[in-house]
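Please keep the sequence and the structure in view while reading.

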Amino acid sequence: MINKDQFYTFMKAIPKAEIHLHSEGVISKDTVFKLLQKAHPENTCDLTCVDGYFNFSNLSEFVEMFLAIQKAFINPSDFDILFEDMRNYLIDNGIVYSEVFISPTSFIRNGLDFEKIIERVIKSIRKIKKNDHITIKLIIDMSRTFGAENAMNNLNIALELKSRYSEIIGVGLGGDEAKGPASKFVSVFEKARSEGLKVVAHAGESIGPESVWDTISLLKVDRIGHGISSVFDKNLIQTLITKKIPLEVCPTSNIFTKHYFSALENHPIREFFDSGVAITLNTDDPTFFGIGLIDEYYNLYTKLHFSMDEIKQIVLNSFKYSFLPAKQKEIMMKSVEDAWSAHSGLLQ
Ligand SMILES: [Zn+2]
């Protein structure tokens, strides 16, 4: 058994990808404090009160907190500081490639100009690429919560921005699964696919396997966010394997929201992996759940009995099932193999 320090030192040295990560989810408490002070100078929210924002016990409290934090962004330039947090998070976890969700709806409703936000974000992303050699691509969230018309508006924004910025590679469907069933978004997804965007959707996070089935058959997604309730339907597991549809699994997030599983030891990622489902490992919202990507790997190792070879397989999967072009995938996967061999002495 490798000790915790050895594990973290080794895993930090391995190039990794994270492909299910919400931009707001990397925000530091310090940034929340600064943004709140700027947005509400009359408010006397100190750092202890900021801690209260991170204190939630179910999915609806979490969504409330998420919306409150989004409201603290009052200027496109506020995203510069958010992407400094993003940079720190990626560096701390040895992540060299990430596909990051950014959600226009709340910001637009709060009166911000989303194009200006993206302009700032792209500037930050290109600076990170140049200085730190970390690649970030963006997936625009169309949102299940606010209906089909809002989703179509967000898609049109994504298409317009994609024509200007190569960093925009796809669209996603996050938000409330119960309020926004897949059937509402068929034409939005058809249009997105026909325009060459990659398409993903959160499903099977808070409702049953039927939501995952709909996401596959109606929306024809490239990947599924979470998908954990698939474990209750053997035919669905078989379909995920046959159709090679990867799951973006975020174990700690699922335990926090307690929809299906309340302990990591019972999380179905082990069963998915053993059955042959294409698994990737992600954090969803690292700051809110108090974790980083290396912590998620450590949990697999200590709580779900993944061997180091199996962990390597999942690290490779996160590149393999990313939206990188084939050639770049190959290069990144080789760099994982090389780093694994070069640092194997750390595991002795
Ligand atoms: Zn998510």
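Donors are N, O and S atoms within 2.8 Å of the metal (3.2 Å for Na, K and Ca), and since water is not among the atoms, sites may look incomplete. The model is predicted, so local features need pLDDT of at least 70 and side-chain atom pairs count only at pLDDT 80 or more, while totals for chains, interfaces and linings use all residues. Residues are numbered from 1 along each chain as its sequence is written, and side-chain values use heavy atoms, with hydrogens and water left out.

**The zinc site**

The zinc ion has as protein donors His20 (NE2), His22 (NE2), His202 (NE2) and Asp284 (OD), at 2.1 to 2.2 Å. Along the chain, these donors follow the spacing H-x1-H-x179-H-x81-D. Helices (H or I, at least four residues) and strands (E, at least two) are DSSP runs, numbered from the N terminus. His20 lies in strand 1 (residues 16–22) and Asp284 in the loop between strand 8 (279–281) and helix 14 (286–289), so the pair ties together parts that are 264 residues apart in sequence.

Four donors count as tetrahedral if all angles lie between 85 and 135 degrees; four count as square planar and six as octahedral if opposite donors are over 155 degrees apart and all others between 65 and 115; anything else is irregular. The angles among the four donor atoms of the zinc ion run from 83 to 168 degrees, and the site is irregular.

**Burial**

Buried means under 20% relative accessible area, exposed over 50%, and partly exposed in between (1.4 Å probe, protein chains only).

| Residue | Relative accessible area | Class |
|---|---|---|
| His20 | 0% | buried |
| Asp284 | 3% | buried |
| Leu90 | 0% | buried |
| Leu36 | 6% | buried |

Contact means heavy atoms within 4.5 Å. Leu90 lies in helix 5. Leaving aside neighbours within four places in sequence, Leu90 is in contact with Leu21, Ile95, Ser98, Ile134 and Ile136. Between Leu90 and Thr135, 45 residues apart in sequence, the C-alpha to C-alpha distance is 10.0 Å.

Leu36 belongs to helix 2 (residues 29–39). Not counting residues up to four places away in sequence, Leu36 touches Pro41, Cys45, Val50, Tyr53 and Ala72.
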